[in-house]
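I opened a new structure today and kept notes as I went. The sequence and model come first, then my entries.

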Amino acid sequence: MTTTSQQPDGNRSPTSEDEQEQQPKGVRRVLAWVGVAVLAGAASTLTGLSEDAIGWGVDAVRAPFTDDKPAAPISVRIEQADPYDNCLNQEGMVFPGSINDLSGFGKVHAGPKPPVTTEKQQQSLRHRRAWDAAHGAIPSDMTTIYVHVQGKSDQSVTLTGLSINVRETEDAPSGVRMTYTPGGCGDDNESRFAVQTDRRSPRVSFITGRSDSGAKRIEGFPVRVTTQDTENLELVAYSLHKDTRFTFSLNWVSGDRAGSYEIAADDGQPFEVTSSKNAKTYSYTSWENNKVAPDPSKTWDGTIPYAARRH
């Protein structure tokens with residue numbers, strides 16, 4: 001296992017090495033505050049706009065801005081997209097081992113039985129997340145992290161850049177990649193950045209975005225936040241060949257003060273993403289009796305995930 005650390009510039013556009021012209025493989029992206037829950041207990045797939053479907057951990061959706069770094073003039077709320085959400089162009093999860101080790105996948109991922117309530121959805125998603133974690137699941141090929149930033153006072157804070165800190169890199173595991181069949185989708189309204197985590201010198205690149213007013217942006221930084229003006233960042237981290245663990249650093253300036261805020265997963269742990277190059281892909285379809293079947297159409301091809309490309 002190797003360890004690297006890189007401090008890239010969040011304003012740079014992808015280099016030719018980072019970006020490839022590919023036809024979109026996946027469906028359109030949905031509002032960052034919205035997700036689609038696939039519930040097999042219903043007569044068909046639930047594709048309504050659901051606040052509870054956006055966060056991988058549902059508790060994070062309603063969590064307040066955190067103040068775990070009192071010296072910083074900003075508060076941050078972090079959410080991670082559901083790895084199975086096709087509307088957000090996520091690529092599923094990689095499980096070590098064989099498909100025989102995942103015999104309970106369909107039952108756990110079927111969702112609650114009707115009548116479906118918000119409480120049932122939350123319980124089902126927590127149960128699913130715990131089951132996946134217990135079986136060693138890792139986000140496949142990419143993961144999307146939402147960072148909502150708010151100032152702590154009326155004095156503006158300027159966010160000046162974003163960098164990635166790769167903590168560990170190792171070979172992608174062999175095993176099984178599990179994906180969902182697609183649902184319905186919409187549009188987004190955030191500033192999106194992308195980074196290939198398994199590059200020798202990974203660099204965060206601004207892809208696209210819009211301001212709160214809907215105006216198109218041409219660069220990611222600088223932006224200003226206060227208690228009234230928040231900033232929503234969408235970070236797409238992807239790995240083409242390796243398994244990587246990483247955090248981000250968000251740089252800020254306020255008056256004569258400057259610093260950085262580390263963006264990490266639960267309990268300060270690094271995020272993780274792995275290439276599915278050594279995994280066999282299966283798709284799960286809830287409306288076909290929770291069917292799990294091989295899906296050659298989603299086999300790893302080494303291309304940059306759709307969500308990480310400019311389009």
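**Notes on a strand, a helix and some rings**

In β15, I found Lys-291 as the bridge partner of Thr-285. I keep in mind that this is a predicted model.

**Entry: strand β14 and its neighbours**

I looked up the pairing behind that bridge. Strand β15 covers residues 291-294, and it pairs with β14 in the antiparallel sense over four bridges. I then checked for another partner of β14. Strand β6 (residues 175-180) pairs with β14 in the parallel sense, over six bridges.

Next I asked how many residues of β14 are buried. I noted six of the seven, with the strand running over residues 279-285. The strand is therefore largely enclosed by the rest of the structure.

**Entry: helix α2**

I checked the length of α2, which takes in residues 118-134. Its 17 residues, at 1.5 Å a residue, should span 24 Å. I find its end C-alpha atoms 24 Å apart, so the expectation and the model agree.

I listed the buried residues of α2: Gln-121, Gln-122, Ser-124, Leu-125, Arg-128, Trp-131 and Asp-132. What do they pack against? I wrote down β2 (93-96), α1 (105-109) and β6. Just after α2, I noticed that Gly-136 takes a positive phi of about 75°.

**Entry: aromatic pairs**

I looked up the aromatic pairs and found 11 in the structure. I picked Tyr-84 and Phe-105 to start. Their ring centres are 6.0 Å apart and their planes lie at 65°. Edge-to-face needs planes over 60 degrees apart, so I call this pair edge-to-face. Tyr-84 sits in the loop between β1 (74-80) and β2, while Phe-105 is in helix α1. The two are 21 residues apart, and the pair links distant parts of the chain.

Are these two residues buried or exposed? Buried means under 20% relative accessible area. Tyr-84 has 3%, so I count it as buried. Phe-105 has 0% relative accessibility, so Phe-105 is buried too.

I followed Phe-105 to another partner. Phe-105 and Tyr-284 are edge-to-face, with 5.7 Å from centre to centre and 80° between the planes. Tyr-284 lies in strand β14 and Phe-105 in helix α1, so this pair ties together parts 179 residues apart in sequence. I noted both residues as buried.

**Entry: the cluster**

Last, I asked which residues form one aromatic cluster. I recorded Tyr-84, Phe-95, Phe-105, Trp-131, Tyr-180 and Tyr-284. Trp-131 is also on my list of buried residues of α2.

Notes: Residues numbered from 1 in each chain as written. Predicted model: local features only at pLDDT ≥ 70, side-chain atom pairs only at ≥ 80, totals over all residues. Heavy atoms only, no water. Buried < 20%, exposed > 50% of the residue type's maximum accessible area, 1.4 Å probe, protein only. Pairing = 2+ DSSP bridges. Expected span 1.5 Å × (residues − 1). Contact = heavy atoms within 4.5 Å. Phe/Tyr/Trp six-rings, centres within 6.5 Å; stacked < 30°, edge-to-face > 60°.
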